[in-house]
Amino acid sequence: MAGSQKAKGKKEQAKGRAKEAIGRAVGNERMEAEGRMEGARGDARQAKEKGKDTLKH
């Protein structure tokens, strides 16, 4: 389960970075903000899973 959550976090981070870059390129502030938010969500998911791994070992 933890592996799939880590992968989901990585996917959210990548998707957020891409969305932010596209928003910046076309001048769409809303898309850029959504990308930042999605990237932050991925960062939080990754941090949560790393914390769980630390407690397990």
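Student: Why is Glu-20 called buried?

Tutor: This is a predicted model, and the values are computed from it. Glu-20 has a relative accessible area of 17%. Buried means under 20%. The value falls under the cut-off, so Glu-20 counts as buried.

Student: Where does Glu-20 lie, and what does Glu-20 touch?

Tutor: Glu-20 is in helix α1. Leaving out residues up to four places away in sequence, Glu-20 touches Met-31, Glu-32, Gly-35 and Arg-36. Two of these names, Glu-32 and Gly-35, come up again among the buried residues of α2.

Student: What makes the pair of Arg-24 and Glu-20 a salt bridge?

Tutor: The closest N and O atoms are 2.9 Å apart. A salt bridge needs a side-chain nitrogen of Lys or Arg within 4 Å of a carboxyl oxygen of Asp or Glu. Arg-24 and Glu-20 meet that rule, so the name applies. The side chains also make a polar contact at 2.9 Å, where the cut-off is 3.5 Å.

Student: How many residues apart are Arg-24 and Glu-20 in helix α1?

Tutor: Four, about one turn of the helix. An α-helix has 3.6 residues a turn, so residues three or four places apart point the same way.

Student: What about Lys-15 and Glu-38?

Tutor: Their side chains meet in a salt bridge at 3.8 Å, N to O. Lys-15 belongs to helix α1 and Glu-38 to helix α2, so this pair ties together parts 23 residues apart in sequence.

Student: Why is Lys-15 called partly exposed, and why is Glu-38 called buried?

Tutor: Lys-15 is at 48% relative accessibility. Glu-38 is at 9%, under the 20% cut-off, so Glu-38 counts as buried.

Student: Which residues are linked with Lys-15 and Glu-38 in a network of salt bridges?

Tutor: Lys-19, Arg-30 and Glu-34 are linked with them. The count for the model comes to 12 salt bridges.

Student: How do you know that the length of helix α2 agrees with its number of residues?

Tutor: Helix α2 covers residues 29-56, which is 28 residues. At 1.5 Å a residue, the helix should span 40 Å. Its end C-alpha atoms are 41 Å apart, which agrees.

Student: What reaches the backbone nitrogen of Arg-30 at the start of α2?

Tutor: A side-chain oxygen of Asn-28. The oxygen comes to within 3.1 Å of that nitrogen.

Student: What radius of gyration does the protein have, against a compact globule of 57 residues?

Tutor: The protein has 13 Å, whereas the globule would be near 10 Å. The C-alpha atoms fill a box of roughly 45 × 15 × 10 Å along the principal axes. There are two helices and zero strands.

Student: How much of the protein is buried?

Tutor: Buried residues make up 28% of the 57. The accessible surface comes to about 4,200 Å², with 57% of that belonging to carbon and sulfur atoms.

Terms used: Residues numbered from 1 in each chain as written. Predicted model: local features only at pLDDT ≥ 70, side-chain atom pairs only at ≥ 80, totals over all residues. Heavy atoms only, no water. Expected span 1.5 Å × (residues − 1). Buried < 20%, exposed > 50% of the residue type's maximum accessible area, 1.4 Å probe, protein only. Polar contact = N/O pair within 3.5 Å; in protein donor to acceptor, adjacent residues only side chain to side chain. Contact = heavy atoms within 4.5 Å. Rg over C-alpha atoms; globule rule 2.2 N^0.38 Å. Areas by Shrake-Rupley, 256 points an atom, 1.4 Å probe, with all protein chains shown as cover.
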